[in-house]
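Here is a friendly walk through a ligand site and a helix pair. Take a look at the model before reading on.

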Amino acid sequence: MRYSGFRILKEALTGHKGWGHAWRDPEPQASYDYIIVGGGGHGLATAYYLAKEFKQARIAVLEKGYLGGGNVGRNTTIIRSNYLLDGNEPFYEFSLKLWEGLEQDFNYNAMVSQRGIINLIHTDAARDAATRRGNAMILNGADAELLNRDQVRAMYPFLNFDNARFPIKGALMQRRGGTVRHDAVAWGYARGADGFGVDLIQNCEVTGMRIENGKILGVETSRGFIGAKKVGVAVAGSSSKVMAHAGVRLPMESHVLQAFVSEGLKPLIDGVMTFGAGHFYVSQSDKGGLVFGGDIDGYNSYAQRGNLPVVEDVIEGGMALMPMIGRARLLRTWGGIMDMSMDGSPIIDKTPIDGLYFNGGWCYGGFKATPASGWCFAHLLAKDEPHVTAKAYRFDRFLKGLMIDEKGQGAQPNLH
Ligand SMILES: Cc1cc2nc3c(=O)[nH]c(=O)nc-3n(C[C@H](O)[C@H](O)[C@H](O)COP(=O)(O)OP(=O)(O)OC[C@H]3O[C@@H](n4cnc5c(N)ncnc54)[C@H](O)[C@@H]3O)c2cc1C
């Protein structure tokens with residue numbers, strides 16, 4: 001069934017009896033050509049593009065819980081392509097272009113809202129760095145604009161411009177950045193993939209991998225063995241645990257990242273804003289809540305909830321930037337498990353095991369990457385060669401010293 005304005009009208013006039021389920025709930029088959037482990041944004045997008053763009057069939061997505069219960073439904077919904085390095089920028093710009101046509105493509109309202117993102121500048125050196133980043137973005141076909149202090153003041157007059165430690169001197173803006181309703185992305189890709197015949201199997205945890213003579217034969221699951229010619233793993237924060245079933249050790253750690261939502265306020269922030277002197281970013285949801293976040297908790301964990309010291313740290317960042325945030329009540333917080341790589345950039349690559357492929361290491365930035373990650377992983381699975389924008393996301397970059405370290409902070413996940 002195609003969703004459309006006409007369809008809504010028709011259903012409204014006929015008692016809403018014609019809506020079907022958005023996707024089937026199939027029993028797993030004995031074997032598939034492709035198994036994607038993980039029903040988050042990246043796994044679902046991979047299955048969707050594998051079927052739609054690369055014309056592959058006999059595909060299943062295995063999800064240990066329910067579709068969208070992981071980070072895809074837990075993030076702060078920001079999309080952007082404001083990266084500096086050549087290994088990253090073309091990939092994230094490809095992703096932003098896919099976001100721009102996504103709702104028409106998979107016929108689902110994901111509330112893609114290009115409301116603009118600004119990264120605030122607090123020192124002259126930071127302005128130089130922002131100028132360099134903006135130029136790199138423009139060279140890669142993205143949009144970037146340097147705003148002066150007055151332009152920022154016209155947008156957000158309530159910010160603490162004259163803070164003695166962190167005066168606001170301007171901002172780097174990407175107008176095409178913005179937000180997307182995160183769980184609708186999972187639902188849209190799920191519905192789209194199902195429409196192309198992909199089996200989406202929930203409550204099916206991968207508990208082992210059957211490997212013989214260096215080749216994968218399938219996966220052991222909580223619902224029995226399922227054979228596969230190719231297996232793609234896209235399980236975000238659980239990457240190390242799942243790849244351990246194949247004996248693969250990853251250059252990665254799992255950490256908690258928290259998100260925060262305030263009580264509903266009148267419209268205040270119409271775009272996305274990031275503090276440039278600490279880790280704090282904020283936008284306002286359509287319901288009025290300020291949605292914000294900051295640093296990871298800084299210790300390894302598989303818990304999907306965080307601790308109070310980081311709550312304090314994030315709120316301190318918020319208070320430095322917009323002191324009146326202290327008058328708003330915090331309504332909700334939650335956590336997600338991040339797959340922090342050693343250089344802050346992801347991996348989309350084959351593994352030493354024939355037929356086993358890996359997608360992970362997205363750190364806190366994987367939501368915006370969802371469309372391109374799915375497309376590039378599907379490309380790798382179908383053609384056995386990397387997509388042109390994801391060529392740098394290889395395992396061996398750590399061996400060869402070819403890190404893609406946007407922040408220049410070295411192998412320290414807690415600093416990325
Ligand atoms: C608080 C927070 C804020 C964030 N904010 C942003 C942001 O603003 N912008 C941005 O770009 N990124 C953001 N991110 C990061 C982004 O959400 C993640 O990088 C991205 O969602 C990860 O990919 P995914 O959607 O496929 O992961 P997930 O949705 O976590 O999917 C992985 C799936 O694998 C499943 N799984 C795990 N183990 C198994 C198994 N053994 N068998 C079967 N299935 C398994 C899990 O249940 C899960 O559903 C944020 C993350 C958090 C937690």
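This is a predicted model: local features need pLDDT of at least 70, side-chain atom pairs count only at pLDDT 80 or more; totals for chains, interfaces and linings use all residues.

Residues are numbered from 1 along each chain as its sequence is written, and side-chain values use heavy atoms, with hydrogens and water left out.

Around the ligand there are 36 residues, and Glu-63, Asn-71, Val-72, Tyr-364 and Lys-368 come nearest (a residue is near if one of its heavy atoms lies within 4 Å). By class, the shell has 17 nonpolar, 14 polar and five charged residues (Ala, Val, Leu, Ile, Met, Phe, Trp, Tyr, Cys and Pro are nonpolar, Asp, Glu, Lys and Arg charged, the others, Gly among them, polar). Strand 12 (252-264), helix 2 (41-52) and strand 16 (330-341) each give the shell at least two residues, and strand 12 has the largest share, with three (helices, H or I of at least four residues, and strands, E of at least two, are DSSP runs numbered from the N terminus).

| Residue | Ligand atom | Distance |
|---|---|---|
| Gly-41 | oxygen | 3.0 Å |
| His-42 | oxygen | 3.1 Å |
| Tyr-364 | nitrogen | 2.9 Å |

The protein covers 96% of the 1000 Å² of accessible area that the ligand has on its own (Shrake-Rupley method, 1.4 Å probe).

Helix 2 also meets helix 6 (residues 182-195): their axes come within 8 Å and cross at roughly 30° (axes are lines fitted to C-alpha atoms over the stretch in contact, with angles from 0 to 180 degrees between N-to-C directions). The contact (heavy atoms within 4.5 Å) includes Leu-44 and Tyr-48 of helix 2 and Ala-186 and Tyr-189 of helix 6. It has nine nonpolar, one polar and no charged residues.

Note on methods: A polar contact is a pair of N or O atoms within 3.5 Å; within protein, one must be able to donate a hydrogen and the other to accept it, and residues adjacent in sequence count only if both atoms are side-chain atoms.
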